[in-house]
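Good morning, and thank you for coming.

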Amino acid sequence: MVKKKRLVSDSVTLFVRVTWLVCFVVGSMVLYSAFRREEQAYNRLFAEQEKKFEFKAVHVACSPKYLRDISNYPGCKPKKCGRYVMDNVVTSNEVDVMLNLVRRGLSFGGSSGGASILDLHTGAMSKGVHFVNLYKLQSPDKLFKVSELQVYKKVREKIQNALASKFGILPNKVYLTKPTFFSRLTNKPPLSGNDEYWHPHIDKETYPSFHYTTLLYLNDYGIDFNGGQFNFLEKGNSTSAVQPKKGRVLLFTSGHENMHFVERVTHGVRFAITISFTCDPKEAIPDPSTKLR
């Protein structure tokens, strides 16, 4: 009788253990599946590097503050706020000219940390942990050819026209503004706050003159560098990522509706140019010239 009771007890114990193990495995699978769904939602891709888009759009509600401000400028208010990716705005040759410009300029400086900038309009350039005026180190007419700066202007005009077309505004009611600059990002550890480019931010809060932000990518994610994706922050703490592609243009309204950050580059070198636009003619700047001093 004692032996029979022991066998029954052992059977119950085995049943409980097996049941617990099955519940654990099933529960783990459910949790893993939920985690994967959350991870996939968190890391949505808006524009992959390997695809080519005539245009791809996401419309979002304009933030109230942005809407109040831009409503003061007739002809410059977007039909809808949001973001666009376009891969057919500029040519490969035009991108090559832009890439040569930034490489040549930064050969006279560059940040000791991971983020270098070069502003052709003012000559502002990263050097070590500070900024210097490139045009005090080298005369712009010796650095850059007039033909190269004409290509720069042509690229700016193409992007401005694309911006006006997609957001339904008048091209002559939006103006180039500062800062408009080239960037070079690497995996070097940051040595100053200027090197920490990966923090979420809102362009119009950082630069009040901004109404529209555009970027032109000069080389390729996954080929020339890893990391460095451009991420929009969405509701629910998810992100929507743009993978840089040579010649890809990204356009977006600069208000709170498009908070964003750039992932840290983990390998290689990422080149881009940020071209900024305003609706306020008092904040307009001219295209760069070799006559700058």
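The largest cavity in this predicted model holds about 40 Å³ of space, and the count of cavities of 30 Å³ or more comes to 1. Its lining includes S111, A115, H130, F131 and D195. Two strands, β6 (124-128) and β7 (130-133), each contribute at least two residues to that lining.

I turn now to the nonpolar cores. The largest comprises 44 residues, and L120, I159, F182 and L218 are among those with the most contacts inside it. Helix α6 (residues 146-167) provides the largest share of this core, 8 residues. A separate core of 19 residues includes V85, Y197, F225 and A272. Leaving aside residues up to four places away in sequence, L218 touches V95, M98, F182 and A272, among others.

Finally, the salt bridges, of which the whole structure has 11. What does R83 pair with? Its partner is E234, at 2.7 Å from N to O. Because E234 sits in the loop between β11 (230-233) and β12 (239-242) and R83 in strand β3 (residues 81-86), the pair ties together parts 151 residues apart in sequence. R83 is buried at 1% relative accessibility, while E234 is partly exposed at 22%.

R248 and D87 form another salt bridge, at 2.8 Å, and this pair links parts 161 residues apart in sequence. R248 is buried, with a relative accessible area of 0%, and D87 is buried as well, at 9%.

How values were computed
Residues are numbered from 1 along each chain as its sequence is written. This is a predicted model: local features need pLDDT of at least 70, side-chain atom pairs count only at pLDDT 80 or more; totals for chains, interfaces and linings use all residues. Side-chain values use heavy atoms; hydrogens and water are left out. On a 1 Å grid over the protein atoms alone, a cavity is a set of points where a 1.4 Å probe fits but cannot get out, and a pocket is an open set with protein on both sides within 12 Å along at least five of seven lines; lining residues have an atom within 4 Å of a point. Grid points are joined across faces, edges and corners, and a volume is the space filled by probe spheres set on the points. Helices (H or I, at least four residues) and strands (E, at least two) are DSSP runs, numbered from the N terminus. A nonpolar core is a set of buried Ala, Val, Leu, Ile, Met, Phe, Trp, Tyr and Cys residues joined through side-chain atoms within 4.5 Å. Buried means under 20% relative accessible area, exposed over 50%, partly exposed in between (1.4 Å probe, protein chains only). Contact means heavy atoms within 4.5 Å. A salt bridge is a side-chain nitrogen of Lys or Arg within 4 Å of a carboxyl oxygen of Asp or Glu.
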